[in-house]
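This briefing goes through the structure shown below, topic by topic, with the sequence alongside for reference.

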Amino acid sequence: MTPLRALLVVLATATISACAGLGYTYGPTDAWIGVTRSEVESRMGLASIQKPTSMGTRLTYARGPYGRHTYIIDFDAHDRLVQWQQVLTEQQFQKILPGMTAGAVEDLIGPSLEKTTLGRQRGEVWSYRFETPFCIWFQVEIDISGVVRSAGHGIPPECARDDDWFGMR
């Protein structure tokens with residue numbers, strides 16, 4: 001093994017060990033109920049969104065743009081975790097209706113990390129990947145005033161079919 005390769009192996013091992021030692025994780029578990037907000041942040045990093053709630057604080061962790069989960073974690077007034085939910089689900093998507101505000105969408109399913117601007121100043125399309133056996137994503141069309149125009153499933157770019165295999169069109 002060359003000295004450079006050996007050094008790279010040592011650095012990679014040290015980095016992995018350091019992350020494991022700090023307990024970094026992708027998402028919460030029910031065993032976390034009651035832990036402090038600082039413990040959650042040390043395990044998951046900084047939240048995508050932080051908002052005050054009537055009972056305490058809500059942290060939203062969007063694991064995109066290619067992640068398929070968004071976690072909403074609620075803390076009480078003493079900064080103890082009281083509940084969490086993975087919100088990129090069909091059940092949550094069904095709650096998104098025309099006329100809702102963009103802020104209400106973020107409250108339900110978190111921020112989209114993949115936004116496309118529509119032409120002629122018609123607004124944006126927010127896309128959300130989620131766990132599904134199909135090659136689809138959930139999309140929300142937000143008009144220029146920040147109101148939902150439509151919502152439904154679409155085909156992500158990596159799944160778009162090209163039926164013109166032989167250039168015959």
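**Disulfide**

C135 and C159 form a disulfide in which the two sulfur atoms stand 1.2 Å apart. The model is a predicted one, and the structure holds one disulfide.

- C135 lies in the loop between β6 and β7, while C159 belongs to the segment after β8, so the pair ties together parts that are 24 residues apart in sequence.
- With a relative accessibility of 39%, C135 counts as partly exposed, because that class covers the range between the limits of under 20% for buried and over 50% for exposed.

**The four-stranded sheet**

- An open sheet is formed by four strands, which follow the order β5-β6-β7-β8 and pair in antiparallel fashion.
- The edges are taken by β5, at residues 114-118, and by β8, at residues 148-154, each of which pairs on one side only.
- From one strand to the next, the twist averages 20°.
- Strand β7, which spans residues 137-142, is joined to β8 by six bridges, and the two run antiparallel; F138 stands opposite H153 of β8.
- Helix α4, residues 102-109, lies across β5, β6 (123-128), β7 and β8, and runs at about 5° to β6.

**Nonpolar cores**

- In soluble globular proteins, nonpolar side chains tend to be buried together.
- The largest nonpolar core here has 17 residues, of which I96, V105, I109, Y128, F138 and V140 touch the most other members.
- At least two residues of this core come from each of α4, β6 and β7, and α4 gives the most, with four residues.

**The β1-β2 hairpin**

- Strands β1 and β2 form a hairpin, with four residues between them.
- Four bridges join β1, residues 49-52, to β2, residues 57-62, and the two strands run antiparallel.
- One of the paired positions is P52, whose bridge partner in β2 is T57.

Key. Residues numbered from 1 in each chain as written. Predicted model: local features only at pLDDT ≥ 70, side-chain atom pairs only at ≥ 80, totals over all residues. Heavy atoms only, no water. Pairing = 2+ DSSP bridges. Axes fitted to C-alpha atoms, helices over the stretch in contact; angles between N-to-C directions. Contact = heavy atoms within 4.5 Å. Core = buried A, V, L, I, M, F, W, Y, C linked by side-chain atoms within 4.5 Å. Buried < 20%, exposed > 50% of the residue type's maximum accessible area, 1.4 Å probe, protein only. Disulfide = S-S within 2.5 Å.
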